[in-house]
Amino acid sequence: MLEVKNLTKAYGEKRAVDDITFTVNRGEILGFLGPNGAGKSTTMNIITGYLSSSEGTVTVDGHDILGDPIKAKAKIGYLPEHPPLYLDMTVREYLDFMFDLKKCKLPKKAHIAEICELVKITDVYQRIIKNLSKGYRQRVGLAQALLGNPDLLILDEPTVGLDPKQIIEIRGLIKKLGEKHTVILSSHILPEVQAVCERVIVINKGKLVADDTPDNLSHAMSTDHKLTVRVDGPEDGVYQLLRGLPSMVEVQKLGVREGSAYEYSLEAEPEADVRREMFKRLADRGWPILALRSSELSLEDIFLSLTSDDKPGIALQDEAGQEELSKSAHELADSLDGDAGAEENGGEA
Amino acid sequence: MFAIFRRELRSYFTSPIAYIYIAVFYALASFYFFGTALLSNSTNLSYVFSYLFTISMFLIPILTMRLLSEDKKYKTDQALLTAPISLLSLVLGKYLAALFVYFIGIAITLVFGVIIAAFTPPDWAVIFGHFIGLLLLGAALIAIGTFISSLTENQVIAAVGGFAVGFALMLVEALTSVVQSPLLQSVISGISFTSRYQSFTVGVLNFADVIFFLSVCVVFIFFTVRVFEKRRWS
């Protein structure tokens, strides 16, 4: 359905997208994960023909986006980061216009009504877009992308700025759309991608760092060796017992939680699963486990592990490499912080 | 192309721009018509048309200033540029919408002809000659204005740029008397909109002048398409 080969976009010295190659098969829902400024939007803009690549090719269903743009673009429905809405038009006028602009062949009235029903904008159909809330604008943008039932849907951060209820609705809608369309969805929110996508591509600083199913990705970054456990028993006794477990690397006391129960964070060697052994030993002593959970990985942890997986030699031996790594993690954290503060900044030039 | 043309035309008439432009144009044109023709018992409309040259120069940037800059600013160009249409039909749709509004403005001159006809049969051939001249002038200026509008996302800059170019085209004529070189003189009078347009107002339909204005349209529409092309690559 979509073939992206050696895609590179250079702005002077800076490479916003650096040699990205991937294919998307018909009917797939592909997640595009990365922090702000990673090159997600740029990649999507190139795929849809809004920008041109410096190098590399994009082929949509056999049509090159530069060689045969009209045929390629007819197959794509695109929701950019900022929905391209004419604020002075009503929803009806806008969708009419987009329908004509895309030269859709379907029966106009019925098709538009069907899409409005699908994205739930029927009740604002006659209103001027300027007066709609962010959530409704996003949906009108989505409706616009769906016009003409394009084979390939490209959605750039479709849930940004929506309230939690709307986010769940839109995710459900995207899943539903994935039954009939091929969908590419970008996000910087990991759970979102996990909830919706069958396959995930992770990019950082314009480079592709992972391409896998969400399950495999979380397996590869398995969190089983990092646990938080709550045990009802004497703090030091439990601590000593936990330390004595085979292949345990580090145990930290997290303090008292409920009554005489204390919490500890454990880190075992990678690949080691200490849960069974821990249960047996604690049961022998009569210290019940009240809670056991994997320590949650944040997006920055995943990026760290992905980038360090990429170049283990450098990460372990080369000090400079390590410095660079921690620097990139730092930048990542900054960009995530910035995100939480101001969703609107989103300038992925 | 027709989708964009219709949307653009609609947008002219839901914003005050088209109304202001048409009202001002009608008012000024009628003032000169009254002053130069009705008041002096003359059927000669050539004075009206030569004043309309200046009026068009100043009003056309208002029509073209938001044509492409607004799309860039509000990112609606993402919808236009990712739609399955060619860049040329995108630019032409916008261009023709502006030209159509301009046409509504200059159509008042035909009404002047009808008013004169109430007193004495006018020379319709001359009036149509004038009209075609004014239309061609507008078509050329709108093409230039469209081009300027594609360069910026700021409407004010697009408007001021349009005024500046219009003014320069008006004043360039004056340079001919200053410049010594006969070659440069002929180049300047060749690109001077004023002298090209003057031949229409004296009732001469010169083929070379028609071609001149049409070429300006083609060149600047082509430039505008290239601007979009270039923006993708940079």
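Predicted model: local features only at pLDDT ≥ 70, side-chain atom pairs only at ≥ 80, totals over all residues.
Visitor: How many helices and strands does the secondary structure of chain A come to?
Guide: Of the 349 residues of chain A, 37% count as buried. Residues 24 or more positions apart account for 67% of the contacts in chain A with a separation of 6 or more. The secondary structure of this chain comes to 13 helices and 14 strands.

Visitor: In what order do the six strands of the open sheet with mixed pairing in chain A lie?
Guide: The edge strands of this sheet, each pairing on one side only, are strand E6 (76–79) and E10 of chain A. From one strand to the next the twist averages 15°. Read across the open sheet, the order is E6-E7-E8-E3-E9-E10 of chain A.

Visitor: Which strand is joined by four bridges to E9(A)?
Guide: Strand E9 (residues 199–204) of chain A is mostly covered, since five of its six residues are buried. In this strand, A:Ile201 has A:Phe32 standing opposite. The four bridges to E9(A) run in the parallel sense and come from strand E3 (residues 29–33) of chain A.

Visitor: Which residue in the turn of the hairpin formed by E9(A) and E10(A) has a positive phi?
Guide: E9(A) is joined by five bridges to strand E10 (residues 207–212) of chain A, and the two run antiparallel. Among the paired residues, A:Asn204 has A:Lys207 in E10(A) as its bridge partner. The hairpin has two residues between its strands, and the residue in the turn with a positive phi, about 50°, is A:Lys205.

Visitor: Which residue in E13(A) stands opposite A:Thr228?
Guide: Four strands of chain A form an open sheet with antiparallel pairing, in the order E12-E13-E11-E14. Within this sheet, strand E11 (residues 226–232) of chain A and strand E13 (residues 261–268) of chain A pair in the antiparallel sense over seven bridges. Opposite A:Thr228 stands A:Ser265.

Visitor: Which element gives the largest share of the side of chain B that touches chain A?
Guide: The contact takes 18 residues from chain B and 23 residues from chain A. On the side of chain B, two or more residues each come from helix H1 (2–14), helix H5 (77–81) and helix H12 (207–233) of chain B. The residues on this side divide into eight nonpolar, seven polar and three charged. The largest share, five residues, comes from H1(B).

Visitor: Are H3(A) and H1(B) roughly parallel or roughly antiparallel to each other?
Guide: Helix H3 (residues 91–101) of chain A meets H1(B) through A:Phe97, A:Asp100 and A:Leu101, which face B:Ala3, B:Ile4 and B:Arg7; by class, this contact has four nonpolar, no polar and two charged residues. The two helices pack with their axes 8 Å apart and at an angle of about 155°. Angles over 145 degrees count as roughly antiparallel. The pair H3(A) and H1(B) is therefore roughly antiparallel.

Visitor: How far apart are the end C-alpha atoms of residues 156–179 of chain B?
Guide: The "transmembrane region" annotation in the unreviewed UniProt entry covers several stretches of chain B, including residues 124–144 and 156–179. Over residues 124–144 of chain B the chain is 100% helix and 0% strand, with end C-alpha atoms 30 Å apart. Over residues 156–179 of chain B the chain is 67% helix and 0% strand, and the distance between the end C-alpha atoms is 33 Å.

Key: Residues numbered from 1 in each chain as written. Chains lettered and ligands numbered in written order. Contact = placed C-beta atoms within 7 Å. Nonpolar A, V, L, I, M, F, W, Y, C, P; charged D, E, K, R; others polar. Buried ≥ 20, exposed ≤ 12 C-beta atoms within 10 Å, placed from the backbone. UniProt positions renumbered as here; feature names shortened; annotations may be inferred. Axes fitted to C-alpha atoms, helices over the stretch in contact; angles between N-to-C directions. Parallel < 35°, antiparallel > 145°, perpendicular 65-115°, else oblique. Pairing = 2+ DSSP bridges.
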